[in-house]
Amino acid sequence: MNIKKIFIPVIMLLIISCGKFDDLNVDPNNPVKVETGTLITSSQRSIGNAVGSTLGALYAQHISDITYTEGGRYQSIQDNFDAWYTGPLQNLQTVIDLNTDPDTKGDVLGSGSNANQIAVARILKAYFFQFLTDRWGAIPYSEALKAGEGIFTPKYDSQESIYNDLFNELKEAAAQIDGGAGVKGDIIFGGDMESWKLFANTLRMNMAIRISDVSEQKARAEFLDAMADGFITADVLYPYLGEANNENPWFTSFRTRTDFAISENLENYMSGLNDPRLPQFADPTLNSVAAGNPIIVGMPYGRQNPTNSPPDVSYPSSTNVKCQDCPLAIITVAQVHFALAEAAARGWIASSAEEHYKDAIQASWDQWGVTYTQAEFDAYYNQAGVTWNQANWRMLIGNQKWIALYMQGYEMWAEWRRLDNPVLVLPEEPLNPSAGIPLRNIYGTLEQNLNGTNYAAAVAQFLGGNDTDGVRLWWDVQ
Amino acid sequence: MSRKITILLFFMFAISMSWAQKTITGTVKDDAGQPLIGASVVVKGMEERGTITDFDGNYSLIVENNAEYLIFSYTGYGTQEVLIGSQTVVNTTLMEGITLTSAVVTALNITRDEKSLGYSVQQVDAEELTRVQESNLVGALAGKVSGVQVISGASSSVGSSAKMRIRGVSGLTGGDPLFVIDGTPMANNNFSSTTGGADFGNLMSDINTEDIENISVLKGPAATALYGERAKHGVVMITSKKGKARKGLGVTFKSAVSLESVYILPSYQDEYAGGYDQNFIDVVDPRDGQTYQTLEYSADESWGPRMEGQTYRPYWSWFDDENYGQTAQLTPNPDNVRDFFETGITNTNSIAFSGGTEKLTYRLGFTNLNQTGVIPNSKFTRNNVNLGVEAQITNRLTLVSNVNLVFNNSSGRPSFGYSPTTGNSVQSFNQWFQRQLDMERLRDYKADDGTFQTWNIRSFNDPGPLYWDSPFFSVYENVPTDRRNRYFGDITMRYRITDKINISGSLRRDNFNQRIEERIASGGLEEDYYREYVIDGQEDNYEVIGTYADRFGDISLDANLGGNLRQNRIRSNNAATVGGLNVPNLFTLGASIDRPTVSSFTQAKDVQSVFGALNLGFRDYLYVGGTLRNDWSSSLPVENNSYLYPSGNVSFVFSELLGLDVLTYGKLRASVAQVGSDVDPYRIAFAYGLGTPYGSSPSFDVPNLLPNEDLRPAITTSWEAGLDLRFFRNRLGLDLTYYVNNSVDEILSIQVAGSSGFGNALINAGNIQSKGIELGLSATPVSGSNFEWTTRVNFAKNTSQVIELSEGIDNYLLANGIGGAGWGGLTLNAAVGEQWGLLRGGGYTYIDGSDLPRINANGSYVRTANKDLGSILPDFTGGFTNSFNIYGITLGAHIDFQAGGQFFSVTKMFNNYSGLGIETVGNNDKGNPIRDAVADGGGIRVDGVNADGTETAVYVEAVTYYARLFGFHEEWIYDASFIKLRELSIGYNLPKRMLGTRIQSLNVSLIARNPWLIYSTVKGIDPSEILPGANNLIFEERGQLPSARSFGISVTVGL
């Protein structure tokens, strides 16, 4: 009798629990289906990381490290690119897949028409891939993002073939935008599909300029085609928010520390021109303000054992750069005008290179909130070293871009490599293998370990067997 | 369907048998002729058949006619085996402290005779555990079991973690052994961070060592196949103290107090002040217009001026208070770091009531542990209640129940790790601090107006903190609190169906609820912050076991068959403020300025199991056993969720055949076993991850881990062989084990090229082989009535080799080092063909034919990236315990040691980078200070070779030399070899004649924990205490809190 009383409840418990057993492994914490717009939002948030990069701004020598200078002395030149693939790119690929697969495309219309979602995802993918190839050169592209198909070790593609495909992607994406619902979750253009078209075309113009030295014919054709499709007339900015989860990264790094100041060479160059953008770029030093005599002082770039005190050098502007919701530029009207100026200088278009160049500088002044009279602008423009001179267009555009692209670090680093202007300084005891100013990022150890065969093939085929930062990329002719 | 039937099957197993029986009676006395109450009497070979003696030492037991031996045992007394023959009255006398044979607790709480076991089990008894009142159970085992490596958190913390590794690693990602108390599996999670912050202790640190009777460590899966997958890394079986039948109420009271003080600190230089170079800075004070000599206040490094008593304006002369404008002499404060620490006090009081009759025994224990740490404002209390009851309800039915309650409370647990945000004040001392600073000045960190003051001000006219708050701000304002309530225990009913067949059913539960609150106060360096983390974990086990024991002539048999349902449930909430607090120091989530981060998590997993074991014995010298277990795991794909695994073992007690006087006991044993394992829940199906929302737009991400619908259970196979020898009536003992353990086809989250779109993929892969030897040597070199010396040495050597990973993969990244690529990219790896836990990072470059490293023309070392820098696993580990008994005074000393096992020290790197370390001063071979400019004959001489192998020497500025060694891992990798005197005690048991009638026993002991780090290869760091919170992969010391040592006294009174 006893035995039944005791053990039957135990057995009952065992049996009752069996019923739920097979359903127990359904994850209650994470959804199996989401609105595809939420994947686009997440991908776009990654743009905030790309345009707010500290290392990019250091490599362009817009800023200098104040005390701990290893970053600016290129210690991190070897870097992994995997997070860009597993993060935004995989999200965007998933948006494309879900909008393409006949089984799922009907389920995802809540985030916009299939064609519009695909178009936005393709444009953003192109943006990220260009960002990556401009840093590393050859990267996995045609076989990338295909783990679902069993490809875990994608091969590397040449930068040329990537550029060629990106031109097509941008052209096709802009063309497939239809009159259906705009995308949801779009934090850049709010679902305005016309803006996406212009953004795609502008990216294409900029890409065409990037390859103009190495493949002028292709560059010219793409440029003219993109230009004809229409380009942006307002700066495209990444809109950080006044809250800590989405704040400007410069604000974050200055929240408790004071690690960066405007670089001395940029500050000297701009001071020499009395450039009115300088006070928009950087704050007067704390000590000079305390002493009642505010001045802007740059920090020498890449000193090995710097002894400068943070209060004696100028931090990036607290109203234009490092406030919590200060936007940072993705691509600007000034860049479009510089591109047009260069296209004119190269003879691709008939309009005046000088006028475009002037427009570019003026667009930059506007972008940075300079208040000026035409006379002031003319006075600035008429200085030697600023005034247009067709024979010297590389230097002029390089130097003016350096200023206009302030804090668009990675973009400026690419433009410096292509234009070989401005003249940047070599840090003391550089920590990169080439010991010069780097011409590319070195592939990270993750790829070497996890995709070793393709990595080795890429180094042999595209880098002459030497994965260093001293190897020129395909578009970097000299 | 079929498994339900299988679980029920053994209930049909109720076939009863009968045998001719007789009743044996007798009396058990001690050597003084006093009756022993509650001594155990069992029939040999049928240990479940037994009774205990009553108040007069008498017993009565029904045995089969063919029963041969009775075994008499009593705690603290030697066990006796007595031949029954034709007797019906068997009296015996037990001798104190002499053990002839021993029973051990094995899997599923079944007690078996040690000689029948074909695998190694090592026991640690209560006395060993509580000798010096170590509060963490895991820490208390350090060095006491061969093959068990214990790595502790800092002893200067309160209630900190300890981690156990048995036989190196079994499996690629390491793991913890399963802890089981009275048959109830216990959680040993750790909810500390793995990189920094407070160390909240591993959950097994909840267990009160005062309530423990005995611990058996089952090291290989052979011993543990019956516990399923979690026994893969070994099982630590804990038996709690039980009540014994006796006259009246037994009361034991124990009180111990010990004082802790900080012990190991790095050696600091005391020659140079703070700054980035040796020049003073002239500042014009705007108040008086005078020019003053100052240090570079914003610097947190120590490359400043030589301290020669110069007059200067210290940082505190710029605060707007009565000290404004003062000057001081620039002199070192050699003891400033030590002055920060306080004397900690640990106070343990416990009381236990026990007693009972033949039908009912009970024990109720209560222990209060109260600790104030050496780090100011750190406190910890733990209260344990333990109730154990065994009631014989009828002569067939027994009820056993153990109920335990644990209440932990702590505030101000100190932070470890390299992270100023979590306020590791010691990180500041050892890495970023200055020698001229006066700790007493820093103690007044709060100004009259409520603002906070620190040494590392931004500049003379901006006295806010730049990199560091005052260390006192960290400990008094950023106070974390936590609380953990736990209950665990079991209710077991045992029913004797026949004399040979027993059945028992148990309900077991372990439930904990932990709440952690972290704070960063308003007004300091960091943005104010509050975080709440609440986790509720529960494991239930429903277990039914039937046992059958019989004897057929020379052959004994015991078998068991059981079923178990395990249910694990976890629920947690984690929330933190973002963007600061809207009212200063309002530590509530509602005060978050921006949307707080919030996450909820629930997890459920069931494992259903049936298992059986069969053991056969032949003439008490040859034993063969086997087990079989099948599990069904809810977290595996339905079609692959069933897995079966066997084990077998054999034991041969050859001393029974030899009959040598010298060889008291000799046994050869061998076993082979498999154990299956599954995977965490929710790993087989795709689900999106919740991202950070942008304003009101939610964001989701494709997960980084590619799930796998085709996972299979993994199987670990191990075998071991061993020899146990005891000579001269146990005066000398030796046990030796050799084992090989292969983890094959593990379920791994293997890293894949991120360019595929996923960072990790789950696959079945790999083969990790651990093998090694374990040696235990025990001896009683001297044994007299007034002097006895016993000693034990444990030694174990293990290698864990990565034989293969997956196709095309030759390395599995276990972890990235601190700072990632920016700090030079240190990694911890499992590389094919190498010892598990291989460190790789930047290091020196050598060319053939030279012992000197290659250097560049400027004197910098040529760096080789991704260089193999050794494994984190030690070459060998062990312990050495001695106890002496001299005229009633007992002296115990326990040493543990380790050789090898590499780790990277962030403290050492920054200690020198920042110019704090003693290594950064002194003279070079020219007789000039190395900190003088090279141009003036100073600098550090760097010897090396050029590319062509020619030797060269270059002088490098000291600051440059150490700056170049930042992220140069090889220089900062140390060998964790140590020899440590961990425990020391001197005790005296007052003779009974001095105690009168009320008091049964009284012991007074002087105790010391960690009194002496006898040997260490790394100066200033205790390599036995580098456990970073919950991090299982102990390969980095990121800012260790110093070790502490304690001295105390304990008094134990038995009534």
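Trainee: A:Y74 is found in the loop between β1 and β2 (78–79) of chain A. How are such elements defined?

Mentor: Helices and strands are DSSP runs numbered from the N terminus (helices: H or I, at least four residues; strands: E, at least two). The model is predicted, so local features need pLDDT of at least 70 and side-chain atom pairs count only at pLDDT 80 or more, while totals for chains, interfaces and linings use all residues. Residues are numbered from 1 along each chain as its sequence is written, and chains are lettered from A and ligands numbered from 1 in the order in which they are written.

Trainee: Why does A:Y74 count as buried?

Mentor: A residue is buried if 20 or more other C-beta atoms, placed from the backbone, lie within 10 Å of its own, exposed if 12 or fewer, and partly exposed in between. A:Y74 has 25 C-beta neighbours inside 10 Å, so it counts as buried. A:Y74 also has a positive phi of about 65 degrees, although it is not a glycine.

Trainee: How do you know whether chain A is as compact as a globular protein of its length?

Mentor: Chain A has 19 helices and eight strands. The radius of gyration, taken over C-alpha atoms, is set against the globule rule, 2.2 Å times the number of residues to the power 0.38. For the 478 residues of chain A the rule gives 23 Å, and the value is 26 Å, which is close, so chain A is as compact as a globular protein of that length. The C-alpha trace of chain A spans about 105 × 55 × 50 Å along its principal axes.

Trainee: What does the rule give for chain B?

Mentor: Chain B has 10 helices and 58 strands. The rule gives 31 Å for 1055 residues and the radius of gyration is 32 Å, so chain B too is as compact as a globular protein of that length. Of those residues, 52% count as buried.

Trainee: What makes two residues of chains A and B a contact, and how many take part?

Mentor: Their C-beta atoms, placed from the backbone, must lie within 7 Å. By that test, 79 residues of chain B are in contact with 79 residues of chain A. Strand β34 (residues 592–618) of chain B gives the largest share of chain B's side, seven residues.

Trainee: Which domains does chain A have?

Mentor: The bounds come from an automatic or database domain assignment. Domain 1 of chain A is 36–231 + 435–462, and domain 2 is 244–312. Their C-alpha centres lie 31 Å apart, and 13 residues of domain 1 are in contact with 22 residues of domain 2. Strand β1 (residues 63–65) of chain A gives the most to domain 1's side, with three residues.

Trainee: Why are β54 and β57 of chain B called edge strands?

Mentor: Strands pair if DSSP finds at least two bridges between them. The open sheet runs in the order β54-β51-β57 (chain B), with mixed pairing. β54 (973–975) and β57 (1036–1037) of chain B each pair on one side only.

Trainee: In what sense do β51 and β54 of chain B pair, and over how many bridges?

Mentor: Strand β51 (residues 902–905) of chain B and β54(B) are antiparallel, with three bridges. At one of these positions B:F903 has B:Y974 as its bridge partner in β54(B).
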